[in-house]
Amino acid sequence: MRIVARLVLAVLLVFSTFPAAAQEKRIAISFDDVPRQPGGFMTPDERTVRLIAGLHEAGVEQAAFFVTTGNLEQDYGKGGEARIRAYVAAGHVIGNHSHSHGWLTDADPAAYIADLDKAEAWLAGKPGKRPWYRFPYLDEGRDLARRDTLRAALRERGLLNAYVTVDNFDWAVDDLTRKAMEARQTIDLTNLDALYVETIVDTAEFNDRNAREILGRSPAHVLLLHETDLNALFIVDLVAGLRAAGWTIITMDEAYRDPIARMEPDTLHLGGGRVSALAAAAGRDPDTLVHPRTNEAELARLFEELVVVRDAP
Ligand SMILES: [Zn+2]
């Protein structure tokens, strides 16, 4: 009996392992706007402590934190440099997210480049620094002149465009939560956690399906998150949700070694991440490349329906 049971187990393992390997999905995690304004639950210092602990508990070896150096001059930026050092001491890496967090669309390109240089000067020589530039709002320009001027400027500086492949509105859910708390509404944290994780996992799946259609393979993905309270609260559950859906968490260093890191899609549909841009460049209708929950109104509707607790009439 025991031998039969073992054989059955072995057969099951073989059949469950092979398809999984063929379908391997990999994703790295990044956080923008560091140091970010506070949310509704904790101070920025507490947020960093909790986020580092959560990443450790979830077994995330290396995430990236994209620094907006101008935020260090804000009130909430006090202690920001020490928090950035703490992320790096925990094994994570840092990149450039500009000094002033402006839009490239409509900006004077020279001023825009001077602004990213200012951030680069602050970051220079810091431990954990990577030569990566994350465009604020993922705005890579909506005309060819700005787009190509910035592509050339990044090349000259040896900076990689720190693209994402999984754009989502994690910041909008954090904003909704903060506002609900300010309005003294009662929040169902369990439902908020579930909504949060489901939204991001589903958006990752959506972008992976598009990537496989366009590239014929699953690239190393890069998830865009922000330094928010909700990420400090839910990162362990988010990583568990991704793993339950078959994802492997990889380092940001590994993600940016993927060949799509060197692809610059010939399109102006650049604001939804690289998979979306590659798909648009391949002729897909851009309207089909945005996940329904990458939308503030839809998230507000779901938040109201599932998270805000109304007293019985
Ligand atoms: Zn940003």
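**The interior of the model**

A: H97 has a relative accessible area of 1% and therefore counts as buried, a word that stands for under 20% relative accessible area, with exposed meaning over 50% and partly exposed in between (1.4 Å probe, protein chains only). The model is predicted, so local features need pLDDT of at least 70 and side-chain atom pairs count only at pLDDT 80 or more, while totals for chains, interfaces and linings use all residues. Residues are numbered from 1 along each chain as its sequence is written, and side-chain values use heavy atoms, with hydrogens and water left out.

H101, at 17% relative accessibility, is buried.

Several elements of secondary structure are named below. Helices (H or I, at least four residues) and strands (E, at least two) are DSSP runs, numbered from the N terminus. Helix α7 covers residues 189-215 and includes L195. With a relative accessible area of 5%, L195 is buried. Leaving aside residues up to four places away in sequence, L195 touches R293, L302, F303, L306 and V307, where contact means heavy atoms within 4.5 Å. L195 and F303 stand 108 residues apart along the chain, and their C-alpha atoms are separated by 8.1 Å.

Helix α10 (residues 274-281) also belongs to this picture, since seven of its eight residues are buried. These are R274, V275, S276, A277, L278, A279 and A280, and the buried residues pack against β5 (160-161), α7 and β7. After α10 comes G283, with a positive phi near 105°.

On a 1 Å grid over the protein atoms alone, a cavity is a set of points where a 1.4 Å probe fits but cannot get out, and a pocket is an open set with protein on both sides within 12 Å along at least five of seven lines; lining residues have an atom within 4 Å of a point. Grid points are joined across faces, edges and corners, and a volume is the space filled by probe spheres set on the points. There are two cavities of 30 Å³ or more. The largest cavity holds about 50 Å³, and its lining includes R134, F135, Y163 and R274. By class, that lining has six nonpolar, two polar and three charged residues; Ala, Val, Leu, Ile, Met, Phe, Trp, Tyr, Cys and Pro count as nonpolar, Asp, Glu, Lys and Arg as charged, and the others, Gly among them, as polar.

The second largest cavity has a volume of about 40 Å³. N168, F169, D170, V173, Y196, T199, I200 and L299 line it. Helix α7 provides the largest share of this lining, three residues.

The lining of the largest pocket divides into 14 nonpolar, 15 polar and eight charged residues.

The structure holds eleven aromatic pairs; rings of Phe, Tyr and Trp (its six-membered ring) pair if their centres lie within 6.5 Å, and planes under 30 degrees apart count as stacked, over 60 as edge-to-face and the rest as tilted. The pair of F66 and W132 is tilted, because the ring centres are 6.4 Å apart and the planes stand at 35°. F66 lies in strand β2 (residues 64-67) and W132 in strand β4 (residues 129-133), so that the pair links distant parts of the chain, 66 residues apart. F66 is buried at 0% relative accessible area, and W132 is buried at 6%. Y133 and F135 form an edge-to-face pair, with 5.1 Å from centre to centre and 75° between the planes. Y133 is buried at 0% relative accessibility, as is F135 at 4%. Finally, F66, W132, Y163 and Y256 form one aromatic cluster, and Y163 of that cluster is also among the residues that line the largest cavity.
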